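Here is a short note on the charged side-chain pairs. Please read it with the structure open.

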Amino acid sequence: MLSIREATIEDSQLYFDWVNNIDVRRNSIDSDFIDIEDHLKWFSNAIKNDQIHMYVLEINSKEVGQVRFNINTNIAEVDYSIAEPFRSKGYGRYLLKESIKILCNEVNQINFIKAIVKSINIPSIKVFKQLNFKCSRINNKKIVLCSFKC
C-alpha cells in the first residue's frame, strides 16, 4: 500500500543516505557530497521551518522516496528523489502528484510550483512533463526550469 507522510527528525539519516547516493549527486544542481554534520544541522532546522514541507513516500511502511517544497512568498520550489531500488517504477510521479495535492490544499498562498532540473536528468524532466509542468531550458541549456500552477 502506498502512503505519504510528513518527514520527522527520525528521517534525518535516511535523507542523508538518499542525498549522497551517487546518482542523486550527479543529477543535483550542486553535485558535491554532503557532510553529515552539515546535513544534521540543516535537517534539524528544515523540519521546524514552516516554509519547508517535507514528505516521505512509503510502500507497506518501507520508505522509498522523499520530496521537499521550499516556499518563498507564493512559489514553492520542489526537490525530490526516489531510493535506487524503486526508480523507474512510477513512484516519482506518484509522489510528486500526491504531495502537490497535499501542499496546494494545506498552503493556500502557493500559486506556482517550480523545479530546477539539470538537462541530463531526463527521467525527472519526463515526470514533470507528465504532471503538466511547463518546462523550458535556461542557462546555456544545462538547466531546465519547470513550472506548474496550483
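1. A salt bridge is a side-chain nitrogen of Lys or Arg within 4 Å of a carboxyl oxygen of Asp or Glu. Side chains of opposite charge can pair when their charged atoms come close.

2. The model is predicted: local features need pLDDT of at least 70, side-chain atom pairs count only at pLDDT 80 or more, and totals for chains, interfaces and linings use all residues. Residues are numbered from 1 along each chain as its sequence is written, and side-chain values use heavy atoms, with hydrogens and water left out.

3. How many salt bridges does a search of the whole structure find? The search gives six.

4. One of them joins Arg 5 to Asp 11, with 2.8 Å between the closest N and O atoms. Asp 11 is buried, at a relative accessible area of 4%, while Arg 5 is partly exposed at 23% (buried means under 20% relative accessible area, exposed over 50%, partly exposed in between, with a 1.4 Å probe and protein chains only).

5. Arg 5 also forms a salt bridge with Glu 58, at 2.8 Å from N to O. Arg 5 is in strand S1 (residues 2-6) and Glu 58 in strand S2 (residues 52-59), so the pair ties together parts 53 residues apart in sequence. Glu 58 is buried, with a relative accessible area of 12%. Helices (H or I, at least four residues) and strands (E, at least two) are DSSP runs, numbered from the N terminus.

6. In helix H4 (residues 91-106), Lys 101 and Glu 98 lie three residues apart, about one turn of the helix. The two form a salt bridge, the closest N and O atoms being 3.3 Å apart. Lys 101 is partly exposed, at 41% relative accessibility.

7. Salt bridges that share partners join Arg 5, Asp 11, Glu 58 and Glu 63 into one network.
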